Amino acid sequence: MGRNILSLGERSLAGEYGRVTVLGEVEAADSSINRLRVLGHTHIRRSHIKKLRVLGEADGRDCEFGAARIFGQADLKGVCKAGRFTVSGRLSAEYLECDKLQNCDEKTNKWKKNSDNSCEWGGYFKARTFVNKHKLDIGFDFDFEKIISVAQLRSEKEIPCESFYGFCRVTAKGVNAGLILIVPYAGTEIDSLAGGEITVCRAYAPDRKLRAEVGFKRRNKIESDGSIVRVSQIEGDRVSVESVNSDLISGDDVTIGDLCIVKRVEYRKSLRISEKAVVGETVKI
């Protein structure tokens, strides 16, 4: 364990350190730091930081973080990796790989369903889990295994992943995932949903693991605002939907629940239709 430092003004670091707190500007190169807290500007090069917390601006190149939280803006060059990486504000990265990546509101560090401003992200991001807690336009390259969105999410392209959870407004060209779960919310409009198991339901009770990933403190159900969402086409193995307006729904086992309006349903094995749904045509294929 290296020495502890408290610094005001400018500070340069190189070597091994324990706890470092800087009010001002710090530059760390070829360093190993257990905990670094900065109020101001941070420059990090070829270093490993177990815990990083920055209020201000941070730029780094070829760094590794155990857990990082940036309140302000971050600019990463080269190859950077992290266990958990949280940003409240702007983020750009040439290559950032994380176990968990998330954004959140700049002021409260909490998820925000409605916001006038979207986060500015650019570059390439890879993560096992991505948690969206603040309005975001996906205009960057990414490879996410799991996406959990509790704030507005927008993409002009298809969103591919292994599992997708949408608990707020989603507007996208499409979502393609093995597991898709969406709770209807006003403004949601998706051209297509494609995957293995697809569920659109008006209320969902997240399990303990999902609550922990998002940061839900209570066991309350996530409920729709009562809107009927527009999804032009849905195709999966097992499909169960509520409050959906769709042109075509196709699957092996299909359930059309309450408040659905569907022009055509295609099914291979089983079909159930609620009395509170409107379906124009059903075809067994």
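This is a predicted model: local features need pLDDT of at least 70, side-chain atom pairs count only at pLDDT 80 or more; totals for chains, interfaces and linings use all residues.
1. Is L8 buried or exposed? L8 counts as exposed because its relative accessibility is 68%, and the cut-off for exposed is over 50%.

2. T129 sits in strand β6, residues 121-132. Its relative accessible area is 1%, so T129 is buried; the limit for buried is under 20%.

3. Which residues does T129 contact, leaving aside neighbours within four places in sequence? They are D99, K100, L101, K146, I148 and E213.

4. On the chain as a whole, the secondary structure comes to 1 helix and 18 strands. The C-alpha trace spans about 70 × 30 × 30 Å along its principal axes.

5. Of the 285 residues in the chain, 48% are buried. The accessible surface of the chain is about 13800 Å², and carbon and sulfur atoms account for 43% of that surface.

6. Taking contacts between residues at least 6 apart in sequence, 20% join residues at least 24 apart.

7. As to charge, the chain carries 47 positive and 41 negative side chains. The centres of these two sets lie 7 Å apart.

Conventions:
Residues are numbered from 1 along each chain as its sequence is written. Side-chain values use heavy atoms; hydrogens and water are left out. Helices (H or I, at least four residues) and strands (E, at least two) are DSSP runs, numbered from the N terminus. Buried means under 20% relative accessible area, exposed over 50%, partly exposed in between (1.4 Å probe, protein chains only). Contact means heavy atoms within 4.5 Å. Accessible areas come from the Shrake-Rupley method with a 1.4 Å probe; for residues, only the protein chains shown count as cover. Lys and Arg count as positive and Asp and Glu as negative; His and the chain ends are not counted. The place of a charge is taken as NZ of Lys, CZ of Arg, CG of Asp or CD of Glu.
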